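This report describes a structural model, beginning with a pocket and the charged residues around it. The sequence and structure are shown first.

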Amino acid sequence: MTEGDGARDQQPGLRPVAGFRPGGNGGKKRKGRKGGGEESMVPDADFKSYYGRPVLKPPVWEWMVPAYLLTGGLSAGAALIAVGADVTQRPALCRSCRIGSFGALLASSYLLIGDLGRPLRFHHMMRVAKPTSPMSMGTWILMSYGPGCSLAGMAEFLPKAWRTQGRIGSVVKWTARVSGISAAVIAPALASYTAVLLADTAVPAWHEAYRELPFVFTGSAAASGAGLAMVCAPVSEAAPARRLAVVGAAIEIAAAHRIDHKPTFETTTYTHGEPHRLRQISEYLTIGGALVAVTLARRSRIAAVLGGLALLAGSGFQRFGTFEAGVESTKDPIYVVKPQRERLDARRREQAEREQP
């Protein structure tokens, strides 16, 4: 190293490379192409960043975002149950799920606009339809889902005579059914697009789980919608909701376990600390709610309410745990530097194998 190099290293405006420490090689030699040795100028890796700052900027989203993920999935799950209840002549189950789906949609819209800060930002997102952007597609999914869910839900607030008697009752019933079906068609996309939205970011824990997160969120949406139905509908009409609760819980837990057992380093944030604690609580509540759904909830109204509340709470803990796992993976540089070094080493080994005679 020349004197000029030493002077340059002392300039305060220049930053060292993130993830390395000077002098870490201990004067090791490395072989050249012809077998000669020269002192390595590349230091050993040390997973630290400049002045302890993270390599990635942590998400600026607050609690409104995981709450939005919860309410959006809840609305989608309840909309699916409402259509099935309408077709199979379960009026109490249909009415409770339509109202619950509409209420969750209102809460979801409020949380989304509140997180954006200004309502005009949501309006600006509708000015462009970009298929390669999950945010743009999510906006249009929400806008396509909203009218049908809203009409079906608002129809349930009309007086009973208007909904069941005469020509007006026939028109209201037909309009609510068609609106509910249109919402149910888009409901799976609404339940899963938020997982794609998270996985499309540079956050290591979310991006690495891009295959599993849609199943986690979709299963969680089904379980939460079923939980809402178990809480609000009579036991005699809630049999489809109880079955959906078991299916949704199984999908959610299986996909969550797949994330926990992935061999990749980025997903280890799901298995320790606060994210692990939240997701473990979610698993206990979801399993407990599903077990109650297939046993005690078939005869006991109190058990049905408790099981439904457990499913709703489990879905909430799942969303907040997933959110916290992503935030944690941006705070420690090791979740960025180590996978990059492993991929670089793998490419070097492949290239070396190809160059061998």
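## A pocket and its salt bridges

The second largest pocket has a lining of 16 residues, and Asp86, Pro91, Arg98, Glu156 and Lys173 are the ones nearest its centre. The model is a predicted one, in which local features need pLDDT of at least 70 and side-chain atom pairs count only at pLDDT 80 or more, while totals for chains, interfaces and linings use all residues. Residues are numbered from 1 along each chain as its sequence is written, and side-chain values use heavy atoms, with hydrogens and water left out.

On a 1 Å grid over the protein atoms alone, a pocket is an open set of points with protein on both sides within 12 Å along at least five of seven lines, a cavity is a set of points where a 1.4 Å probe fits but cannot get out, and lining residues have an atom within 4 Å of a point. Grid points are joined across faces, edges and corners, and a volume is the space filled by probe spheres set on the points. The second largest pocket holds about 350 Å³ of space. At least two lining residues come from each of helix 2, helix 3, helix 6 (160-164) and helix 7. Helices here are DSSP runs (H or I, at least four residues), numbered from the N terminus.

The whole structure contains 9 salt bridges, each defined as a side-chain nitrogen of Lys or Arg within 4 Å of a carboxyl oxygen of Asp or Glu.

| Arg98 | Asp86 | 3.2 Å |

Asp86 forms a salt bridge with Arg98. Asp86 belongs to helix 2 (residues 64-87) and Arg98 to helix 3 (residues 91-116), so this pair ties together parts 12 residues apart in sequence. Buried means under 20% relative accessible area, exposed over 50%, and partly exposed in between (1.4 Å probe, protein chains only). Asp86 counts as buried because its relative accessibility is 12%, and Arg98 is likewise buried at 9%.

Arg177 is partly exposed, at a relative accessible area of 31%. A network of salt bridges links Asp86, Arg95, Arg98, Glu156 and Arg177.

Arg258 is exposed at 54% relative accessibility, whereas Glu212 is buried at 2%.

Thr71 is placed in helix 2 and is buried at 13% relative accessibility. Apart from neighbours within four places in sequence, Thr71 contacts Ala104, Ala107, Ser108 and Leu111, contact meaning heavy atoms within 4.5 Å. In the loop between helix 2 and helix 3 is Gln89, which has a positive phi of about 60° although it is not a glycine. Gln89 is exposed, with a relative accessible area of 57%.

The expected span of a helix is 1.5 Å times one less than its number of residues. Helix 10, with 22 residues, reaches 32 Å from its first C-alpha to its last, close to the expected 32 Å. Its buried residues, including Arg242, Glu252 and Ile253, pack against helix 2, helix 9, helix 11 (273-294) and helix 12.

The buried residues of helix 13 are Ile334, Tyr335, Val336, Val337 and Pro339, and their cover includes helix 8 (204-208) and helix 12 (301-331).

## Confidence

The predictor's confidence in each residue is pLDDT, from 0 to 100. The chain has a mean pLDDT of 82, with 78% of its residues at 70 or more. Over residues 1-37 pLDDT stays under 50, and the model has 46 contacts beyond four places in sequence for this stretch.
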